[in-house]
Amino acid sequence: MPIPTPRRVLTAACAAVGALVLGLSTAPAQATTSLNYVALGDSYSAASGVLPADLTSPLCLRSTANYPHVIAARTAARLTDVTCGAAQTKDFTEAQYPGVAPQADAVTAGTDLVTLTIGGNDNGTFINAITACGTAGILSGGQGSPCEDRYGTSFDDEIDARTYPALKSALRGVRAKAPQARVAVLGYPWITPATADPSCFVRLPVAAGDVPYLHALQAHLNAVVRRAAEETGAVYVDFAEVSAGHDACQAVGTRWIEPLLFGQNVVPVHPNALGERRMAEHTLSVLGLG
């Protein structure tokens with residue numbers, strides 16, 4: 001084997017140093033390449049009632065522990081979070097409150113990722129149904145299906161007639177502003193179990209026959225959200241399976257949604273911190289980001 005000359009040794013050393021320097025110079029560029037992530041949506045995205053609160057927009061009851069912040073932390077994304085409690089689809093293009101810009105204003109051609117939950121507040125679907133069925137449940141002592149008997153298909157009819165077209169319009173607007181972005185529309189995790197749990201009545205005072213009624217209403221809303229997402233080129237993140245057994249009737253540490261009464265959040269019937277983390281993790285899995 002020939003003995004390396006000093007020139008060859010020096011050349012090899014320079015090449016090695018050059019490779020090392022090249023590797024060090026390119027590493028920061030790769031590390032700083034991150035997603036431009038915009039979070040839109042209502043209180044399920046804002047994590048209203050979960051601490052710590054985001055004090056930059058107090059009217060929106062937004063938390064810095066919401067699922068967008070979890071996703072951003074896991075992916076090192078640059079997050080612009082404009083989620084806002086009580087948001088409706090119209091608030092994508094209109095100011096929800098004085099000083100709160102339309103949410104879609106945050107979306108630009110440079111946006112890489114958009115996530116959102118929306119539709120539950122349109123027509124007052126969630127608040128009206130929960131309030132009506134909770135009141136009816138208390139008055140009936142938890143018996144029968146007084147809410148379904150009174151309201152029938154009215155909530156479902158509003159979802160089909162008004163929420164669905166509003167969802168499509170809002171999602172088309174987002175797509176137009178960021179045609180290259182991945183848009184992930186999250187379904188709503190289960191609020192109620194599929195059938196009544198008598199031990200839950202004190203926390204979620206809905207009559208036994210109205211528990212499946214509310215469950216079916218939520219399933220219908222999620223189906224409409226899925227349809228609008230798929231028809232506008234967005235990814236639908238389905239929580240029907242993964243959130244089963246984590247509804248508001250479950251114990252602390254298991255439930256993702258807080259009950260109407262005696263819960264741990266100041267905003268009832270909304271995801272808790274555990275729920276927000278699980279929403280983030282499932283979304284990351286569906287999107288192949290973690």
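This is a predicted model: local features need pLDDT of at least 70, side-chain atom pairs count only at pLDDT 80 or more; totals for chains, interfaces and linings use all residues.
**View 1. The end of helix α3.** A76 follows α3. The phi of A76 is positive, near 60 degrees.

**View 2. Helix α3 against helix α8.** Two packed helices are described by the angle between their axes and the distance between the axes. Here, α3 spans residues 67-75 and α8 spans residues 273-287. Their axes come within 8 Å and cross at roughly 50 degrees. Angles from 65 to 115 degrees would count as roughly perpendicular, and those under 35 as roughly parallel, so α3 is oblique to α8. The crossing is right-handed.

**View 3. Residues where α3 meets α8.** From α3 come Y67, V70, I71, R74 and T75. They meet E276, R277, M279, A280, E281, T283 and L284 of α8. By class, this contact has 6 nonpolar, 2 polar and 4 charged residues.

**View 4. The buried residues of α3.** Y67, P68, V70, I71, A72 and T75 are buried. The buried residues of α3 pack against helices α2 (43-46) and α8. They also pack against the strands β1 (36-39), β2 (78-81), β3 (113-116) and β4 (182-186).

**View 5. The largest nonpolar core.** In soluble globular proteins, nonpolar side chains tend to be buried together. The largest such core here has 67 residues. Y37, L40, F92, L116 and V185 have the most contacts inside it. Helix α7 (residues 210-231) gives the most to this core, with 9 residues.

**View 6. Around L40.** Leaving aside residues up to four places away in sequence, L40 touches S45, V82, T83, F92, Q103, V107, V114, T115, L116, T117 and V174.

Key:
Residues are numbered from 1 along each chain as its sequence is written. Side-chain values use heavy atoms; hydrogens and water are left out. Axes are lines fitted to C-alpha atoms, for helices over the stretch in contact, and angles run from 0 to 180 degrees between N-to-C directions. Helices (H or I, at least four residues) and strands (E, at least two) are DSSP runs, numbered from the N terminus. Angles under 35 degrees count as roughly parallel, over 145 as roughly antiparallel, 65 to 115 as roughly perpendicular and the rest as oblique. A crossing is left-handed if the near helix is turned anticlockwise from the far one by less than a right angle, and right-handed if clockwise. Contact means heavy atoms within 4.5 Å. Ala, Val, Leu, Ile, Met, Phe, Trp, Tyr, Cys and Pro count as nonpolar, Asp, Glu, Lys and Arg as charged, and the others, Gly among them, as polar. A nonpolar core is a set of buried Ala, Val, Leu, Ile, Met, Phe, Trp, Tyr and Cys residues joined through side-chain atoms within 4.5 Å. Buried means under 20% relative accessible area, exposed over 50%, partly exposed in between (1.4 Å probe, protein chains only).
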